[in-house]
Every structure is written in structure tokens, then in C-alpha cells.
Amino acid sequence: MKKNSSASKNYILLPVFRTNISKQDSPNVARFLAMLSNSVEQSATVSLASRNMHQKASDDIPVVVLDSIETEGAKLIRINADELANFRFSYPGLRIIKEKFYNPAVCSPKRIQLQVEQAEIKTSVTVTVKGEKDKALAGITVVIFTNFAASKGASGVTDSKGNIALNLDRNTAERIYVYADHSYWGYFKKDVQLSASLEIKLEPIALDFKDSLRYFYDTAKLPKITQKVRVGIIDTGVGPHDDLKVTGGKNLVRGENEADYQDNGEGHGTHVGGIIGAYGKLNGVAAGVEIMSYRVFPKGSGASNFDIMKAINEAITDQCDLINMSLGEAQTDEGITSYIKEAYNAGIVCFAANGNDNRSPVSFPANDSLSIAVSAMGRLNTFPPDSVESGSVQEPYGTDKDNFIADFSNIGPETDLTAPGVGIISTYPDNLYAIMDGTSMACPAATGMAARILAGNPDLLNLPRNQTRADEMVKYLSVNIKSMGFGNLYEGKGMLQPPASK
């Protein structure tokens, strides 16, 4: 009898010891994975014969091979869930991992679509959003909470006239958030008495404004890096932007053009790339660094753990020195962990964002023991007083009482570093600039500073690409870290400091 095809799901196959077959793995496993590689090239459904000679041919397991990492590396397959136990007994020596998906670690309620029951509506308000010279701003996200704790309220996006009409269950807004994708700061206000209309003006971004990143790292004065340091950015893609030079990369999203590793249109990866290596009207922390863009996010959806594994593998092949992963989820993932280990064994250190779940435990892959986990901090007076960022101020405060750990930042004993992640100005596709908040922004700030520090030690960078190289890189970074006074759960060892100029 045929199995129900609707029960088919995607799984990842990994050998036991390493992502690339080593002598410790069974030769049968190597041959089996190589056979599956041939099947993916043909987009084939293969019937896998059992190794048990007592089983009938009708007991063969139909498998669709979707993707592969190298000939004898990991495979993405589709198999009927009812066949998993049979598969495990028929093909021992393989780890079987569910395909799952990761989100960028940016902090924003932009995607919240709050609803109010018709019977609860007490007031309707038309919000008009304007920019400089009273220009009506279209495509601006407005979120009004009437009860923030219960997530009650309404949200929407402004039309061509800058208007959005919202129906609410109260005539008082507990919190109002307004988000622009680019070119303007957001807006935040508490306890607003609502009337039929509400006009909000957004402040345009000035590139000479000293945000928290530039307060701690005066990027305009930092010299351009001349020593070759290569940083892999696993994200939504990077560019195009005149301030960003991308050395190369690859689109790892299944079914998309591998050569298209520019931004998927959401802007997150370009913002991350600018924090690390922008050089032009706006400078990043490590201007002059080589950027490799590995796109793993399709537009509008999460990144597959298999695509992230492929991206790490590409970064190893391309001989990156550091990898930035401003992404995460709560649950650990055996597949990504294996490839982080592979990167470390190849002399590459991975930096990952703690996550933005309001002081929840550190997310994965930041909580992996071989990743450098980065929390987000901010500083008073480095953003406009009515901006979204003013709502992120929360204790603990640092040794300098103007410094704080962002209210959204995840924390925990796995935290290794903190870095500026509140109100960060950076590049956005098509030569625009944007403000973003999150451990997504703190992570590249730390990655960029790590690149700058390592650039000062070419002997270290020229070590053989193995675990010792990664060990020595981490040790070298450790002497350039300063405690900010938040405590280890919030900041780990502290914040990376620019190397002293010679």
C-alpha cells in the first residue's frame, strides 16, 4: 500500500563524525551519500534498497533528493515521515535532522498585524506620517498598542498620501511605534490621547549624526584596513550600494540564481554589511575588509538550516577569516553545529547574534560553544528623544550610567561580548541609509572590530588554517576587550576595543 504523500517532510542527512567524510566514517556511508549526490543532479526520486537481504523489494524506501553539500557531504531529502524508522535501520551511520528555518535577529514589531474585534471598536484614528518639508511618507509601518502586555491594538502601512486608518478598542494609545524602512528615524511615544486624526513627523537620517556605533567606534577616523581580512556574511544578501564593495559570494537559497548574492530587497544583510565594511559617505567599523555575501534568506521567509550549512561550507571553501550570523532561533540545531565546528577546524571564527526576545536565553547559534555570542547595548543621547530607540532603554546601566543593555537583547551565561545595537545608521540597498536595532546590528559591530584587530597581526592570519589558528585568534581578541560594567550575563567579557594606533 502506498504511504500518504502528504506526510512527506524534509530532512537533512549527515555522517556521524564530520560534515565532510573522514576516515572515521563508514565507507558505505561515503558511497551512499555520493550516490545521493548523483540523484540530486537528476532531480530524481530514488528507491533506496534495504541492506537487509531478508526484506522484499516492495519494502524499498522512496526518497526525493533535493540538495547536496559536496559529493560526500550533507544531503537534503524529502521522505515520508512513516518511513523514518525503517530508514534509520536500513542506513545506519547517518544523522537525520529536520529542516527548519531561522529569522534575522533584528528588533522590530514591523510585521505585527494586530487585530481588534468589531464589537470592541471604540475609536477610529487616521494617522498621517510626514517627513522633511512636510512630505507625505508612503509605506511607513504604524503600530498602536492599546494594551502592550496583551498585544492588543492595531497596525498598518501608510498609503501614497501618508495615511493609515486604524480601529482601536480604546481612545488611549499605550504605545505608538512608527517604522520607516530607510531614510528616516522611527518614532515612539507612550500614553497618547487619541482623536480622529494624528500627525507624526519623522526625522531624516543625517550621516554625520553620532549614533551609538560611532560613539564607541569613531569610524570616520579609523584608518582603512590594508591587510587582507575576509568576512563572510550569512544573511539576506549584501548590496548594491556605492559605500560597499563585495568581493564575492553565493546565493544558497534552493531554486534561486547562485550568482545573485545581492540583497533580497529586505535590506537586513546590506545594513549588516555596512556596519562591518562600508567605506564612502558612511564608514563601517572595518572599512577595507573583504566582504563575502552568502544569501540564505528568500524574500519574505526564513532561512533553511540546510542553506545556512551550505553557506558556512562556502565560507570555508572561500577561506574566510570570520563569519557573521545575525540570525537565530531558540532551539539548537545539530547540522549547523557540525558546520560551525568545521569552520573552527578550518581556522574560522563565527560570530552570532544573541537574539531579540526581551532578555530571554541566548538563542542558537549564538549559544553554540564555538560561536562568539553578542548582546546589544545602547547609549543615551545617541538617538532622537522621540525615536523608537528611546523605548529600548532599560537597566542594567554600565559603569558609565549613560550606557545600557537594550531591553530586547537576549542574555545569559553563553554571552561572550556586547556591542552597539541600538539606533545604528548603516547602508540600505540602492544607495540609501537606514536605522535598525537588534543584536543583528551588535553582532557585525563586534565582527567588524574583530576584523580590524586581527588585521594588525598578519603573522596570526598567516597561520595554517586549522583549530590552532582559530584558538589563537580568539585569544588575541580577548586582550582587546574592556568590561562595560554590566555583568557577565549581559556583556560576557565586555566590548572589543579598537587597537591602539601605532
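Analyst: Two strands are taken to pair if DSSP finds at least two bridges between them. The model is a predicted one, and in it asparagine 103 stands opposite glycine 328 in strand 19. Strand 6, residues 101-104, is joined to strand 19 by two bridges, and the two run antiparallel. These strands belong to an open sheet of three, in the order 17-6-19, with antiparallel pairing. Strand 17 (303-304) and strand 19 (327-328) form the edges, each pairing on one side only.

Helix 5 comprises residues 305-317. Serine 304 caps the N-terminal end of this helix, with a side-chain oxygen 3.0 Å from the backbone nitrogen of phenylalanine 306. Helix 5 is mostly covered, 11 of its 13 residues being buried. Among the buried residues are the nonpolar Phe306, Ile308, Met309 and Ile312, but also Asp307, Lys310 and Glu314. Just after the helix, glutamine 319 takes a positive phi of about 60 degrees.

Helix 6, residues 334-345, can be described along the same lines. Aspartate 333 caps its N-terminal end: a side-chain oxygen lies 2.9 Å from the backbone nitrogen of glycine 335. The 12 residues of helix 6 should span 16 Å at 1.5 Å a residue, and its end C-alpha atoms are 16 Å apart, which agrees. The buried residues of helix 6 include Ile336, Tyr339, Ile340, Ala343 and Tyr344, together with Ser338 and Glu342.

In soluble globular proteins, nonpolar side chains tend to be buried together. The largest nonpolar core here has 68 residues, and those with the most contacts inside it are Tyr217, Val289, Leu322, Phe351 and Leu496. Helix 7, residues 439-455, gives the largest share of this core, 11 residues. Valine 289 touches Ile225, Val229, Val231, Ile276, Gly277 and Ala451, leaving aside residues up to four places away in sequence. A second, separate core of 33 residues includes Phe297, Ala303, Ile323 and Ile348.

Technical notes
Residues are numbered from 1 along each chain as its sequence is written. This is a predicted model: local features need pLDDT of at least 70, side-chain atom pairs count only at pLDDT 80 or more; totals for chains, interfaces and linings use all residues. Side-chain values use heavy atoms; hydrogens and water are left out. Helices (H or I, at least four residues) and strands (E, at least two) are DSSP runs, numbered from the N terminus. A nonpolar core is a set of buried Ala, Val, Leu, Ile, Met, Phe, Trp, Tyr and Cys residues joined through side-chain atoms within 4.5 Å. Buried means under 20% relative accessible area, exposed over 50%, partly exposed in between (1.4 Å probe, protein chains only). Contact means heavy atoms within 4.5 Å. The expected span of a helix is 1.5 Å times one less than its number of residues. A polar contact is a pair of N or O atoms within 3.5 Å; within protein, one must be able to donate a hydrogen and the other to accept it, and residues adjacent in sequence count only if both atoms are side-chain atoms.
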